[in-house]
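Here are my notes for a colleague who is starting to read protein models. Please keep the structure open beside the text and look up each residue as it is named.

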Amino acid sequence: MTTRGVLYVHSAPRALCPHVEWAVAGVLGVRVNLDWIRQPASPGTWRAEFSWQAEAGTASKLASALRGWHLLRFEVTAEPCPNAEGERYSSTPELGIFHAVTGMHGDILIPEDRLRAALARSARGETDLEAEIAKLLGKPWDDELEPFRYAGEGAPVRWLHQVV
């Protein structure tokens, strides 16, 4: 089964851009040339988007190939398919990597064992329940990546033609 997804490189130093392309090509098994544009949220860095179609599990392979690279901010998404839920990976130099399973409408699906663990930590007074749930939903990553998500001058704009 195949799925579709998108790799969003939100910011990368210029010297890292060809290495990102090589890593993505290594996962997909095809040559990859990303259309890099300047990232106005972080002068001196570049951004790119790449739509892909491959077997289920490719999003995790892409995230693994890119994780841990200092100064790289990225997200990888995969749509659900008949044999796999959707996925979302977000990564920043400060926070590391975040992974979430997503449903057919893009909602984050949180496994009950992770919710139970959050409740237990909160009940023991180790943390605040609201903060735990925010982490489970990826809020710290969203907060950090939001300024980088806005398209810069000359970036492609995708219009949605149907709202569900």
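1. The buried residues of helix α5 are covered by elements that include β1, β3, β4, β5, β6 and α4 (129–136). These buried residues are Trp141, Glu144, Leu145 and Phe148, where buried means under 20% relative accessible area, exposed means over 50%, and partly exposed lies in between, with a 1.4 Å probe and protein chains only. Seen down the axis of α5, they fall within an arc of 85°, so they line one face of the helix; the arc is that of the directions from the helix axis to the C-beta atoms. As background, an α-helix has 3.6 residues a turn, so residues three or four places apart point the same way.

2. A word on the basis of these notes: this is a predicted model, in which local features need pLDDT of at least 70 and side-chain atom pairs count only at pLDDT 80 or more, while totals for chains, interfaces and linings use all residues. Residues are numbered from 1 along each chain as its sequence is written, and side-chain values use heavy atoms, with hydrogens and water left out. Helices (H or I, at least four residues) and strands (E, at least two) are DSSP runs, numbered from the N terminus.

3. Contact here means heavy atoms within 4.5 Å.

4. Strand β4 deserves a careful look, since five of its six residues are buried, so β4 is largely enclosed by the rest of the structure. Six bridges join β4 to β1 in the antiparallel sense, and Gly5 has Ala78 of β4 as its bridge partner. Five bridges join β4 (residues 73–78) to β5 (residues 86–92), again antiparallel, with Glu75 opposite Ser90 and Thr77 opposite Arg88.

5. Further along, β5 and β6 pair over seven bridges and form a hairpin with three residues between them. In the hairpin of β6 and β7 there are five residues between the strands, and Gly106 in the turn has a positive phi of about 90°.

6. Which residue has a positive phi although it is not a glycine? That residue is Leu71, with a phi of about 75°; Leu71 lies in the loop between α2 and β4 and, at 43% relative accessibility, counts as partly exposed.

7. Finally, the axes of α1 (residues 17–28) and α2 (residues 58–66) come within 9 Å and cross at roughly 145°. The contact is made by Val20, Ala23, Val24, Val27 and Leu28 of α1 with Thr58, Lys61, Leu62, Ala65 and Leu66 of α2.

Terms used
Axes are lines fitted to C-alpha atoms, for helices over the stretch in contact, and angles run from 0 to 180 degrees between N-to-C directions. Two strands pair if DSSP finds at least two bridges between them.
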